[in-house]
Amino acid sequence: QRGTPFGYMADGQLNVVYGKYNAAAGKGDISRLRPKRDNVLKRSRTMLSTGHVLSHPYLFEHDGGSMVIPASSAGRIDLYRMNPANEALDFVRTLLDEPLCAPMVFQHEGRWWLFGTKAPWEDVALYAYHAPALEGPWTAHALNPVKTDVRSSRPAGTPFMHQGHLYRPARDNSLTTGWRVALMRVLELSPTA
């Protein structure tokens, strides 16, 4: 099973990292493939295998490189950097010693933000953490969980600015898993509100 693809360019070519899950083996890795012009998906390459179930390889650019934060059954949030040969993910550091589903980071008004949900309410309750730098230290938001709603809590992409307002894509899982994406306008985002 392949899920949650994130695309990036390397050497002028589209690459896609994704979670590759083998239910029979109970194993989840982060893999990469390169779509070809004939639409044939060539054999994938395992980029990260830790012995834990990995999924949702949230990919973003930072300091001139591609960074990945996967969800992991290890019970923590780890940061990885795409190696220079684009053949593996190199461990950078642990960001948070707590498990999060669908973790994602972004910068807003001079702070780094880490959002995700937690079991057993991975589709219902949104948790936020903030830090002065990507490397941390990360602090839990004073109002965690900052949102509880199956229609709009679980992250579905990177928040973005549009016409002076911050918007956060969220998965609506109220009818079926991932049946639509909701755009949430963020009215205020600070360590206390």
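This is a predicted model: local features need pLDDT of at least 70, side-chain atom pairs count only at pLDDT 80 or more; totals for chains, interfaces and linings use all residues.

Reader: Which strand gives the most to the lining of the largest pocket?

Author: The largest pocket holds about 560 Å³ of space, and of the 26 residues that line it, the closest to its centre are Thr4, Ser55, His56, Arg154 and Arg171. At least two lining residues come from each of strand 1 (2–10), strand 2 (13–22), strand 5 (54–62), strand 6 (65–72) and strand 9 (101–108). The strand that gives the most, with five residues, is strand 1.

Reader: How many residues of the lining of the second largest pocket are nonpolar, by class?

Author: About 270 Å³ of space lies in the second largest pocket, which is lined by 13 residues, with Leu126, Val146, Lys147, Val186 and Glu188 the closest to its centre. Strand 16 (residues 180–186) gives the most to this lining, with three residues. Sorted by class, the lining of the second largest pocket has one polar and four charged residues, while the nonpolar ones number eight.

Reader: Is Leu187 buried or exposed?

Author: Leu187 has its place in the segment after strand 16. The cut-off for exposed is over 50% relative accessible area. Because its relative accessibility is 74%, Leu187 counts as exposed.

Reader: Is Asp172 buried or exposed, given its relative accessible area?

Author: Asp172 is found in strand 15 (residues 165–172), and once neighbours within four places in sequence are left aside, Asp172 is in contact with Val150, Arg151, Gly178, Trp179 and Arg180. A residue counts as buried under 20% relative accessible area. Since the value for Asp172 is 1%, this residue is buried.

Reader: What is the length of the polar contact that joins the side chains of Asp172 and Ser174?

Author: The side chain of Asp172 takes part in a polar contact of 3.3 Å with the side chain of Trp179. A further polar contact joins the side chains of Asp172 and Ser174, and its length is 2.6 Å.

Terms used: Residues are numbered from 1 along each chain as its sequence is written. Side-chain values use heavy atoms; hydrogens and water are left out. On a 1 Å grid over the protein atoms alone, a cavity is a set of points where a 1.4 Å probe fits but cannot get out, and a pocket is an open set with protein on both sides within 12 Å along at least five of seven lines; lining residues have an atom within 4 Å of a point. Grid points are joined across faces, edges and corners, and a volume is the space filled by probe spheres set on the points. Helices (H or I, at least four residues) and strands (E, at least two) are DSSP runs, numbered from the N terminus. Ala, Val, Leu, Ile, Met, Phe, Trp, Tyr, Cys and Pro count as nonpolar, Asp, Glu, Lys and Arg as charged, and the others, Gly among them, as polar. Buried means under 20% relative accessible area, exposed over 50%, partly exposed in between (1.4 Å probe, protein chains only). A polar contact is a pair of N or O atoms within 3.5 Å; within protein, one must be able to donate a hydrogen and the other to accept it, and residues adjacent in sequence count only if both atoms are side-chain atoms. Contact means heavy atoms within 4.5 Å.
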